[in-house]
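Take a look at the chain below. Let us walk through it step by step, from the overall fold down to single side chains.

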Amino acid sequence: MDWHLGTAAGKAAYPRRAATVEPVFGQHKHNRGFTRFLRAGLSAVNAEWKLMNATDNISRLFRRLHTGEATPTWARLAHLLEPPPAT
């Protein structure tokens, strides 16, 4: 790795790490207080990571709905659920 980073291509590629998804994972884990996985094994860790991301998405959706930033599609379709007018 040291040799690769010492080459011209390695020196050009290394600064791009800051623009990759690595900071997103770090910020995601830090902001949620997620320091380590609680289960062992690749499938268990994968499930735990997906659960953490799902709860993060739900929390973002809740915040946006609460502040009025987002209007879900189903809210615009509420008129379809109303019974037809009586004739």
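**A walk through the chain**

Of the 87 residues of the protein chain, 13% count as buried. Keep in mind that this is a predicted model. The accessible surface of the chain is about 7,800 Å². Carbon and sulfur atoms account for 62% of that surface.

Now trace the fold. The protein chain has 5 helices and 0 strands. Read from the N terminus, its elements run α-α-α-α-α.

Next, look for rings. The structure contains 1 aromatic pair. The partners are Phe37 and Trp49, with ring centres 6.3 Å apart. Their planes meet at 65°, so the pair is edge-to-face; the cut-off for that label is over 60 degrees. Where do the two residues sit? Phe37 lies in the loop between α3 (22–32) and α4 (42–67), while Trp49 belongs to helix α4. The pair therefore ties together parts that are 12 residues apart in sequence. Phe37 is partly exposed, at 32% relative accessibility. Trp49 is buried, with a relative accessible area of 18%.

Now turn to charge. Side chains of opposite charge can pair when their charged atoms come close. How many salt bridges does a search of the whole structure find? The search finds 1. Asp56 forms this salt bridge with Arg60, and their closest N and O atoms are 3.2 Å apart. Both residues are in helix α4. They are 4 residues apart, so about one helical turn separates them. Asp56 is buried, with a relative accessible area of 10%. Arg60 is partly exposed, at 45% relative accessibility.

Terms used
Residues are numbered from 1 along each chain as its sequence is written. This is a predicted model: local features need pLDDT of at least 70, side-chain atom pairs count only at pLDDT 80 or more; totals for chains, interfaces and linings use all residues. Side-chain values use heavy atoms; hydrogens and water are left out. Helices (H or I, at least four residues) and strands (E, at least two) are DSSP runs, numbered from the N terminus. Buried means under 20% relative accessible area, exposed over 50%, partly exposed in between (1.4 Å probe, protein chains only). Accessible areas come from the Shrake-Rupley method with a 1.4 Å probe; for residues, only the protein chains shown count as cover. Rings of Phe, Tyr and Trp (its six-membered ring) pair if their centres lie within 6.5 Å; planes under 30 degrees apart count as stacked, over 60 as edge-to-face and the rest as tilted. A salt bridge is a side-chain nitrogen of Lys or Arg within 4 Å of a carboxyl oxygen of Asp or Glu.
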